[in-house]
Amino acid sequence: MRRSLLFMLLSGLLGSAAIPAAAQTDAGANEALGVLRIDRNPVLLSMAGAGSAMTSTSQAYAAFGNPAAAAFSDKTLETAVSYASWSPHYTAASNIAAGVTGHLGQKVALSLGFARQGYQGLDFEPASGFKPSDMILRAGVGFKVSESLAIGVSAGYAKEALLSDYSLSAFSVSALAQYRIGGLNLAGGLVHLGGKVASDYSLPASVKLAADYGFEFGSSNLHVALDGDYYFSGNYSAALGLNFGIGGIGFLRGGYRYASANAAIPSGLALGAGLEWHGISLDVSFLTASETLGGSWMAGVGYRF
Amino acid sequence: MKLKLLAFPVLLTALVSCVQEAPVTPKAEPTAEQVTESEQTPSYVKVLFNEQMCDLVEEDLSRGQVRTRSEGLNGLVDELGIESMERLFPFAGEFEPRTRKEGLHRWYKVRYAEDIPLTRATRAFESLPGVEAVEEPIKASLTTNDRYWGNQWALNNVQYPGYDVNVQEIWDNYTVGNPDVIVAVIDGGIDLNHPDLAWNCLPDGHQSYVYGADRVVGHDHGTHVAGTIAAVTNNSIGIAGIAGGDYARGRRGISLLSQQCFYTIGTGANARDRSGDFETAIKEAADKGALIASNSWGYDFDQDMDGVISGSELASARSAHQNVQYYSIARAIDYFVKYAGCDNDGNQLPNSLMKGGLVVFAAGNENIQYGAPANYEPCLAVGAITTNGKRAGFSNFGDWVDLCAPGYEIISTLPNSAYYPYSGTSMACPHVSGVAALVLSYFGGQGFTVDDLKSRLLEGAKDIGLSSGGRAVGSLVDAVGAFMAHDSGTPEAVSDFTVSPIGHNLRLDFQGGGGAYGYMALAAKSEEALRKTRLTMLDEGIEFAHLVIGDVEAPLEPRSISLLSLEPDTDYYVTLAAYSYGRRYSALAPIRKVHTGHNGKPTIETDPGETFVFRQYQEADVPFTLLDPDLDTLAVDFQTNGRATLKAEMDGKWHFRLICQAVRAPATFQATLIVSDRFGERALRSFKYSVLENVEPVLAEQIAPVSLNAVGQSVDIDLSRHFSDEDGEPLDYRVNSLDANLVAAELVDGHTLRLTARDFGLGEVRASVFDAMGATVRTDIPVLVRPAGEKVTVLEGRIFGDKLTILTADQETQTTVRLVSASGTVVAQASGVSSAFNPVVLDTGHAAPGLYTLFVDMGGDVTRLSVVKK
């Protein structure tokens, strides 16, 4: 009550002296649990979020992304873990993620994923020792309908512990289909559909379209990937990424993402590299040219066979 | 250099011994109702800060805090449990400028927790940067050397003639004291109601400087000392004081001021004396107008209380003797010697009888060659002699002892109408103070200095064979000797003179100089009255005037003296007498008869030109000149149909200032100045004055927003520096807090706004000013309370809703603010010039619940705060 009174006082006191609202961000609708849209796969993060339709890379994180693409994988089991320093100049979060995708026969792929984002302790709540965190648990299944078409569904639970006595949580479902012809992969669907959070705020749900095309140069190849999302909140984003494979062992990656002002993940440039040898992969990514995400980096290891 | 005054427990003792017989009247101890007291003496040390530290402490303490911005001192607050710090020499009002000039404001009395050992507290302060000296408190005790009942041989020694203070001739021929001479008794309290003292005690101003004793209470020692100085003489009871007046003839003696520094607590065998702040008592005695400070006390080194000073005790006495000039008591003595009878610049006040003050100290009763603080050079140190003119066996000695005086079996006053003989240098000291008071009573006036007084006392003292040798106590103080010191002998009488009436004044012309120090002209209506009067003590009805030549070597040449304000048209008999430095008068010149002239009428001269024009409440000089041909004292009256007042001051000539009062509308008024002399002759002058329309007060200088850093912290704002009124009238200041939960606002000393933080946040205080006509102006002052070092304050707190109000730096700064979600989205941002009092307000209504980072960049100084939207 006292703070409210103070604010009322201040409004009267300062009036037009305050920085005018016109100078502020044009505030469109803002979604809750934006952390759902953070890439947990260092390969995709290296391409600024593009590459959802790629099938040549590990599908260990399919539960977080496109479970339909996993159905086209010819591996038996794909696993990976990653660590990220997220938005070190702002949020300063530490992210860990783990994913596993198993294939049943030639048509079905099952995926599980877990992610946790941890923050520094709250300086205004030092006595409790509480530290905010986010937790995401997801599972997905992909089914290859034909050699060209697959569909996939994932569902998950996310919880954001904000204060020692206050948290948010939500369930979300994603459903995508993937079609491939020659070196071209096309994917599309709905991502993170779910109920309202805190009664008024929606999840960062979107309609997603993605494409990937691979060029072969002897033992090397180049994948060009494009992902676009139109959020139900009115925001949108598009990412273009390149993945250059050298002799099937080394990879150089890059991408740029453009996003509307209030999109869950802002615009920025991504760079990355990777190694894969006998199913063991090591990938790193780095974000730059972004006011809030610049300096973020992620590293991950995986194994698939 | 840091000084530790006392490396050992030093006791203070009143230097007294008393005989064994019971008092003439039984003593009565003070009752619990008489004073408020605490048995527990608080623990404290006296600390001398350097200028820098003192400024810091002074400023912080003015806000009512024990904690200051000195980290070291704050550390001691916790370590020693410091409860209070206060000036040893308190704020002195009109005398504050000279108090500060002498550095006395830098001495502080610091009280700390009772369970902290004194040595620990002393060491802690000694190691504190910014501390120049630390002194441990002085404790008091009384020591007595009991002797036998006697009488007042000190004033008139019949058994051993010559060994007294030789005062009778002074009483008979010169003076019995002057009420304008104030003698401060720095001692136990004087019994102000004692029938042999009350007549000579000041009506007010007496003060206690003892913790727990809130007023002056009669004390054996202090009352005894006071009686020696100024017990009422010739009143048929008790004893005669040296400067006690003449009750039978209606002449009051000097005035006694009790500066109580001893106070007895307990009764009977449990009685003991508590001592007070001697330094403060001496210093403030000067501020109260005292010219002589009588100190019958000194340091006691008898730690084992065996009555003998030996070994380490003697070493301690020697150390104090050698270092007394560094002690706080020395600073107080310096102040008294320099400023008694003077203004803040050390110039003699017009009504003061002496420039500077005399400090008299008892030498001490330990029979040793040391005696701090009596040996401090500016003081007169007094040793004691016995009835037959020998050094009293208990008296301290040495070439530092300036004078001796009777100090053996001295009978004097005690509380409750009692009398009792005491022995000690405590008793010798007031004999010197009393003789000094007589000298000052007679010779004091403009130009008379403390050096003149000391010179008379020392030069006039009688050598009784004790002023040299191994155990010297100086020469015996002698009142007649002091009066006759430097005297050149009786001058020759004036053989002839002429007298001329000028109005009702008389002018005497004669040949003067050539050996006379001065001349006194006398006039009376009866020739017989002139012939019969004693020139040293003139009878009633004798008019007189002096001409001081001041130089006995001056040549004989024409001189004149005027006798003023005699009665007009009256026969007078007139004569002249020359006198020496010691007031030895010549025979009278031939007496002449003369008739005074008519009384002249006073006149008022002015050239006001047009009507005087004033603003509301303006105070300005008006050019009136008063003339009286007879130089009579004039009375001034002023009448007007307006509300102005006329302030008339006489400073050699008359000065007039007209002070206008507020009027509702511009108007012109009639006024009349009326002047009359003592014979009823009058002069009138009428004039007009106009008062202009009222000008409203204005806010001349905007009051800057106030930032406070702690709950309880205060700051003062002198509103008179911000508001002004062209009319110059007195303004009525009013203040009120618009958010009393955050900040309290009160008005102190009429125009100073004191703000005190009650909670963290941003509030507002309103200051209004009204002039005499009710015209007003007001301003609202933003007040921010936030912890020191906090650069960014979120007014709503860190759990916010639809808005975020961000208070940035105290000063206006280019600022960028971003609210960033956990995923990295900039949810809201703003940039521009902001400050704590011009905050950034972000609309966060659209932001989803979650964890956010509030990024605030104030010209490169970046602050990040975690905030939560619920």
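How many of the 305 residues of chain A, as a percentage, count as buried?

## Chain A and the model

Of the 305 residues of chain A, 49% count as buried, a residue being buried if 20 or more other C-beta atoms, placed from the backbone, lie within 10 Å of its own. This is a predicted model, in which local features need pLDDT of at least 70 and side-chain atom pairs count only at pLDDT 80 or more, while totals for chains, interfaces and linings use all residues. Residues are numbered from 1 along each chain as its sequence is written, and chains are lettered from A in the order in which they are written.

The secondary structure of chain A comes to 3 helices and 14 strands, where helices (H or I, at least four residues) and strands (E, at least two) are DSSP runs numbered from the N terminus.

## Where the chains touch

The contact between the chains takes 51 residues from chain A and 43 residues from chain B, with two residues in contact if their C-beta atoms, placed from the backbone, lie within 7 Å. On the chain B side, strands E46, E51, E52, E53, E54 and E55 each supply at least two residues, and the largest share, 8 residues, comes from E52(B).

## A helix with a buried face

In helix H11 of chain B, which covers residues 450–460, the residues Val450(B), Leu453(B), Arg456(B), Leu457(B) and Gly460(B) are buried. Seen down the axis of H11(B), these buried residues fall within an arc of 130°, so they line one face of the helix; the arc is that of the directions from the helix axis to the C-beta atoms. They pack against several elements of chain B, including helix H9, strand E17 and helix H10.

## Nonpolar cores

A nonpolar core is a set of buried Ala, Val, Leu, Ile, Met, Phe, Trp, Tyr and Cys residues joined through C-beta atoms within 7 Å. In the largest one, of 147 residues, Val183(B), Phe336(B), Val360(B), Val382(B) and Val435(B) touch the most other members, and H10(B) gives the largest share, 12 residues. Apart from this core lies another, of 106 residues, among them Ala63(A), Ala69(A), Leu708(B) and Ala830(B).

## A sheet of three strands

In chain B, 3 strands form an open antiparallel sheet in the order E23-E24-E27, and two strands pair if DSSP finds at least two bridges between them. Strands E23 and E27 of chain B stand at the edges, each with a single partner strand, so one side of each is left without a neighbour in the sheet. E23(B) is joined to E24(B) by 6 bridges, and Val499(B) has Leu508(B) as its bridge partner in E24(B).

Definitions and conventions:
A residue is buried if 20 or more other C-beta atoms lie within 10 Å of its own, exposed if 12 or fewer, and partly exposed in between; C-beta atoms are placed from the backbone.
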